[in-house]
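Here are my notes for you to read with the model open beside them. Take the points one at a time and find each residue as you go.

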Protein chains: 2
Amino acid sequence: MRAAIIAVGSELLSTTKLDTNSLRLARSLERFGVEVVRKSVVPDRVDDLIEELKYMLDRCELVITTGGLGPTEDDVTKEAISSALSLPLWLDPQILSLIEQRFTERGLTMPEVNRKQAMVFAGHRTLYNKRGTAPGFHLDLSHLGEPKHLFVLPGVPFELEGMLEHDLERWLRSTQDQSRFRRIVKVTGMTESQVEELLQPFYENHRGEPVTVLAGHGEVQIHLQADGRADDAFPRLMQYEQELHDLFGDRIFGLDDEQLESVVGRLLGSRGETVSTAESCTGGLIASRITDVSGSSAYFVGGVTAYTRDVKQFMLGVDPEVIDRDGEVSEEVARQLARGARRRFGTTYGIGVTGIAGPSGGSADKPVGTVHVSIASPTTTEHRKYLLAGSRELIKRYATQLALNMLRLFIVRGGTLDRRETPRR
Amino acid sequence: MRAAIIAVGSELLSTTKLDTNSLRLARSLERFGVEVVRKSVVPDRVDDLIEELKYMLDRCELVITTGGLGPTEDDVTKEAISSALSLPLWLDPQILSLIEQRFTERGLTMPEVNRKQAMVFAGHRTLYNKRGTAPGFHLDLSHLGEPKHLFVLPGVPFELEGMLEHDLERWLRSTQDQSRFRRIVKVTGMTESQVEELLQPFYENHRGEPVTVLAGHGEVQIHLQADGRADDAFPRLMQYEQELHDLFGDRIFGLDDEQLESVVGRLLGSRGETVSTAESCTGGLIASRITDVSGSSAYFVGGVTAYTRDVKQFMLGVDPEVIDRDGEVSEEVARQLARGARRRFGTTYGIGVTGIAGPSGGSADKPVGTVHVSIASPTTTEHRKYLLAGSRELIKRYATQLALNMLRLFIVRGGTLDRRETPRR
């Protein structure tokens, strides 16, 4: 089945807004093996939309529109569909009373303009919107022989999401016994090409199998997929995942939507351990990321952003002679920052980071992007030096990723950063 | 002139990638008053692209394609154009030698596949790519009477950017003596509807004038535009901006791309003043945002993320009796955090924030979203309480925005948060 997505809305043709709904739709469609062959954006104009609908319905078995279902004059999707397909609209008293009810529940009277949202297509299925006033529609246009379906969905992402799960995906499931199963395996602290290199045996075992490598935001994602009936495809996907675990070992930090800060948080929480931070070039971003996780107060005690020599010295106990000798951006200062945080906050672990985020401040032996990261534990202090590239914000972000990953590895490797042999089966 | 944008690339139909080039293109087009009436994404398939090109060229005077100009088999844009318009391609020896040169400069030999990139359209203008190997094209198809132009541009954003400035915008400028001038005026600490309300006199003075209000990320943007010849439109735009300054006064924190952290940094830097932070619910994000600005070490000394009662008490000197009486999320604790940071780091100002970012941890009298922000100065300590809505991350972000804006207002209002009368002219 070939699908096309039409996003309706003049604002989506402006210089600031993109049609992001199509990513969510593509995800639903991909799960059921439906190929998206075309996406388009059209303004809130009846004639343009009519033309677009006809063009798309001519070429695809499934067309999905989003947006243009609101109560204002700008909202013309239903009107355009009615013209394009010669389908009359009529007022559904039941939908009308549901819309009125949404207003009265809030102590409001329904404005007259909202009556328009109760207009539905005769002979076609109305999709009830639990999250808003605009109903959607599933128009089965297969009467001419070949299958042809038009889904008319709201543009508000939260409302769209509800209808995708409740209506579109349910229908897609009913049309086939084929599904697509997906898994994202996430690695950090490696470049994309290092990941590609390690993947060679996997590629050789599975020629033509669907595996995609994507890099960004300080992590590399390996996307796996398997198509087919659930009892066949799902075990195959699990097998792929196992092979990646065999190849990458503990360099894999998470799956699917997992974030590094949540993974680290879970590790600390389950062991009843705590952490604190002493940050120079990352400026507080490590502490901020750790506390992005709800419940992080169970294992995060506090942190210091030490932007001057004095703060490093007086609040974190960095030795001034070491600063004189090695400079603020140096291995020994990173180690002392980590130990200082640990001591100051009384935590199991301390994270210390010092570096040059740029764009200015670099020198020949300490170029922009030089970052020292250190983890202090009750028994030892580990250190790594990195040379990162990119803008100031990217370098900050990468450095936080490397620091969190270093703590993760230190814990899972049992109190050392040294890599044990990858288990093979 | 009506324009359409076609993005070529199967990856842009996937679940993760969007065609962001179209935003950049829309910006160039808008500057010259060209309306984008349609955007679409098509896969790397000759037949689909031919159909799309014909459809778009039928409807618009200007069609722009991005992508599909690379050396691989997937890159079919030129082939499709050649078929759709019956325009032969021929190998341009000069372009070929330029491509070869790019390789030899890097000590490489040009792979045979790259010859394809030297194929150009006979009788139409080739656009030289200073930033990559793929040339672009400007096809003037106006020979049938009405104006009709096709621009064929690369998909790599950096390469595209170069051709936009050098070729597309130059051509657009040549077609008209009309330009569009834009200004973004940014306000924070107000809701979108408060901004709309204050804008009423402006709307009344300028019926039908182009002003758009956009809200998000803790700020409200007022987009102004004026069309026409430079000597007429530009002064008009400046007049609009002045009227907004009269209406909003110091509630405007910046223009165009300015960020609040840069504005605050400039204020501090120019006065030789310094700042420090004591953060609870924002977890270090205020310090991180302040240090996102290059050169911030001139005015930012340091910060403490105080996630426990002990850290508040022992590192920032918050009175334990006050915590017992009012709780950690309270006005007095915020004030003591601000004063504690100021004292601890020896700065001109201290910022203190405590609150409940959620999703858990709220209660009836202190619901999720309760945030206390305080600014301590050498002479006084100011405080504001807010009730914010949204996810944990949004509440954190809003709280940092409110705190930075409070510091900004405190400085520009001369050591108080009280609003002076807006100057009128």
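1. Let's start inside chain B. In helix 4 of chain B, the buried residues are I95(B), L96(B), I99(B), R102(B) and F103(B). Looking down the axis of this helix, you'll find those buried residues within an arc of 120°, so they line one face of helix 4 of chain B. There's a handy bit of background here: an α-helix has 3.6 residues a turn, so residues three or four places apart point the same way. By the way, keep in mind that this is a predicted model.

2. Now turn to the other side of helix 4 of chain B. There you have P93(B), Q94(B), T104(B) and E105(B), which are exposed. What do the buried residues of this helix pack against? Their partners are strand 4 (89-91), strand 5 (119-121) and strand 6 (125-127), which also belong to chain B.

3. Here's a quick check on the length of that helix. Helix 4 of chain B covers residues 93-105, which makes 13 residues, and at 1.5 Å a residue it should span 18 Å.

4. After the helix comes G107(B), which has a positive phi, near 75°.

5. Next, the place where the two chains meet. On the chain B side, T15(B), L18(B) and K39(B) supply 14% of the area that chain B buries against chain A, more than any other three residues.

6. What about charged and polar pairs? Across the interface of chain B and chain A, the rule finds 10 salt bridges. One salt bridge to look up is R38(B) with E52(A), where the closest N and O atoms are 2.1 Å apart. Between chain B and chain A there are also 33 residue pairs in polar contact, counting pairs with both residues at pLDDT 80 or more.

7. In chain A, the peptide bond from G358(A) to P359(A) is cis, with omega near 0°. P359(A) sits in the loop between strand 15 (349-355) and strand 16 (370-376) of chain A. Over in chain B, a cis peptide bond joins G358(B) and P359(B), with omega about 0°, and P359(B) lies in the loop between strand 15 (349-355) and strand 16 (370-376) of chain B.

8. D256(A) is in the loop between strand 12 (252-255) and helix 9 (260-271) of chain A, and it's partly exposed, with a relative accessible area of 26%. D256(B) has a positive phi of about 50°, and at 27% relative accessibility it counts as partly exposed.

Note on methods. Residues numbered from 1 in each chain as written. Chains lettered and ligands numbered in written order. Predicted model: local features only at pLDDT ≥ 70, side-chain atom pairs only at ≥ 80, totals over all residues. Heavy atoms only, no water. Helix = DSSP H or I, 4+ residues; strand = E, 2+ residues; numbered from the N terminus. Expected span 1.5 Å × (residues − 1). Buried < 20%, exposed > 50% of the residue type's maximum accessible area, 1.4 Å probe, protein only. Arc of directions from axis to C-beta. Contact = heavy atoms within 4.5 Å. Buried area = accessible area lost by both parts, 1.4 Å probe. Salt bridge = Lys/Arg side-chain N within 4 Å of Asp/Glu carboxyl O. Polar contact = N/O pair within 3.5 Å; in protein donor to acceptor, adjacent residues only side chain to side chain.
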